[in-house]
Amino acid sequence: MRRFVLFVAVLSLVACSREERPAKPGPAAPVVADDTPQDGGTLIRRLEVDVASLNPIVSTSRYDRYVANYLFTPLVYFDKELRPVPGLAKSWEVSADGRVYTFALNEKATFADGTPVRASDVVFTLNKIVDPASEAVQIAGYFELLDKANTKAIDDHTVQIAFREAFASQMIRFNDVLVLPEHIYGKAANFKADFATKAVGSGPYRLVRRVPGTEIVVERRADFWGTRPHIQTVVFRVIGDAQTAWKALQRGDIDETIIVSDTWQREHRNPELQKSIDFRRFYTLNYNYVAWNTRDPLLSDKRIRRALTMCIPIESVISDLYHGTARAMSGPFTPDEWAYNPAVPVIRHDPEGAKRILVSLGWLDQNGDGILEKQGKPLKVEMIIIPGSATTSQFAQMFQAELKKIGVQLELVTLDGSIAIQRILGGNYQSTYLGWDLDPDPDQFGIFHSSQIPPRGQNFTFYSNPEADRLIEAGRKELDQSRRREIYHRLHAVLAEDQPYTWTTQVSVKWALSKRLRGVDVSRGYGLYLWYPGELGWWIPKQYQRKTAPAPAPAAAPATK
């Protein structure tokens, strides 16, 4: 269901590099009358978190995909309405039973090394996705039913992909198939590690360099086989701190950044800033949540999880942290999704009710120190947070204060993003505050089915419920959407009752972009990126194009724990 991990908190800035300056100093470009796209220029984008790998099969976050979308072409793209449209495949057919997909590849498609894309490369990529050794946790779960014996290259430009069973949302999963050249990736001594900092794909850009922790630079391919994008060079700067990024945008050092709600509230109506900055706000398919490790002896009891949830002051979170630009969540589907069950209530702030639950389970303050205890053990819970976002720290502190009022000690552990994700996927945690970007389809298999415990999938709460498994499996196989809706309504209720996650908010996304950018459009659900043409359709008028290429960045200093 989810595409990529969205850390609610982001990494601190590790290093800064010299950045090219706009050709014209002062405020950015006003809107010009000529809307004819022009080629050239350099776009400098912000990465809140550095990529884990440039190998798209083993990606772990949406930031990995932000970069991969320039270097690789998916088998199918999503259009603005999140419908599948041609990518590497120019057309396709689906068998009557929904088990066999036949794709006709674009005969002109080539990789960045000039070699043609062949159907055998698609088969190779699919085999890597389903190979447990690849640890393709983001996407492997959606190809588990692959029928390898009947998946084959029919000829150089026709591939047949077969499945043992029909899967209702299989078509959209081909957007995750970023095809690799077998003649390069098939020779890797270590498939997962060898391509962390290099890439050869069939996308419209080629990799120039990656400096871990600092920047990634890609350049438009002169020989690109499809519709060539307009922008010549794209530079990704790793800037974890939101305020640092906001200042960089105002200086013209970067061209786009997501902004926090406080900045939006304070600045988006500023007439001086509106001369140079385009402010956008919209809801996308996303939510924030507290994940509970259900294997933990304390948190294995769903009554404990519910009691803790009842201490989140959700109304205050929405009004004080997000200035009313967020919605309370009751489960894994957002209010705009067809799978959403409006009958499932949001768990409201009720600390006294929470304390009654805990007391009924034998948690009492027997020594008068203000902390509940049971059999001499105090009621303490550790929560991992990732630094960089003020709202994340504020949320955690609000939660901590509310829990303290009823005798629960919440210990906040701040970790670098890469270290945090290793601990979380390894099950070495009690709770953590994160967020998801979601797929267009509501399938929950990858994060809540009991078969998807890491490293196989992303069920890092180690949640297991036979009824949830049954509903997830039924929802994947049901081709009739009205019946599928009924299944997901029930699943919504089951997950809300069990609380493997505490769903908190769906926060509207706020972006600030340089007004020198043109062609910036928004997809309902996905926002600015990862649909077609999306970011590949942006352009910059000649008079506002940067004149110099960015200088090589210094290597980042090692992150400290």
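**Close-up views of a predicted model**

View 1. Strand β9 (residues 205–211) and strand β10 (residues 215–220) run antiparallel and are joined by six bridges; helices (H or I, at least four residues) and strands (E, at least two) are DSSP runs, numbered from the N terminus, and two strands pair if DSSP finds at least two bridges between them. Tyr205 has Arg220 in β10 as its bridge partner. Three residues lie between the strands of this hairpin, where Gly213 takes a positive phi near 80°. The model is predicted, and local features need pLDDT of at least 70 while side-chain atom pairs count only at pLDDT 80 or more, whereas totals for chains, interfaces and linings use all residues. Residues are numbered from 1 along each chain as its sequence is written, and side-chain values use heavy atoms, with hydrogens and water left out.

View 2. Four strands form an open sheet in the order β5-β6-β8-β7, with antiparallel pairing. Its edge strands, each pairing on one side only, are β5 (89–94) and β7 (152–155). On average, neighbouring strands of this sheet are turned by 25° against each other, direction ignored; angles run from 0 to 180 degrees between N-to-C directions, and axes are lines fitted to C-alpha atoms, for helices over the stretch in contact. Three bridges pair β7 with strand β8 (residues 158–162) in the antiparallel sense, and Ala153 stands opposite Val159 in β8. Helix α2 (residues 119–130) packs on the sheet, where it touches β6 (100–105), β7 and β8, and its direction makes about 25° with that of β8.

**View 3. Surroundings of Ile161 in the largest nonpolar core.** Leu75, Phe103, Ile161, Phe174 and Tyr501 touch the most other members among the 114 residues of the largest nonpolar core, a nonpolar core being a set of buried Ala, Val, Leu, Ile, Met, Phe, Trp, Tyr and Cys residues joined through side-chain atoms within 4.5 Å. A second, separate core has 36 residues, including Ala307, Val317, Ala326 and Phe395. Leaving aside residues up to four places away in sequence, the residues that Ile161 touches include Leu75, Arg99, Phe103, Val122, Thr151 and Phe174, contact meaning heavy atoms within 4.5 Å.

**View 4. The packing of α9 on α16.** Helix α9 (residues 302–309) and helix α16 (residues 481–498) pack with their axes 8 Å apart and at an angle of about 85°. This angle makes α9 roughly perpendicular to α16 (65 to 115 degrees counts as roughly perpendicular). Lys302, Arg305 and Arg306 in α9 meet Ala496, Glu497 and Asp498 in α16. The residues of this contact divide into one nonpolar, no polar and five charged, where Asp, Glu, Lys and Arg count as charged, Ala, Val, Leu, Ile, Met, Phe, Trp, Tyr, Cys and Pro as nonpolar, and the others, Gly among them, as polar.

**View 5. Backbone geometry in loops.** The peptide bond from Pro454 to Pro455 is cis, with omega near 10°, and Pro455 is found in the loop between α14 (445–448) and α15 (466–477). Phe462, found in the loop between α14 and α15, has a positive phi of about 60° although it is not a glycine. Phe462 counts as buried at 9% relative accessibility, whereas Gln375 counts as exposed at 79%; buried means under 20% relative accessible area, exposed over 50%, and partly exposed in between (1.4 Å probe, protein chains only). Gln375 lies in the loop between β16 (373–374) and β17 (377–378), and its phi is positive, near 55°.

Key
Angles under 35 degrees count as roughly parallel, over 145 as roughly antiparallel, 65 to 115 as roughly perpendicular and the rest as oblique.
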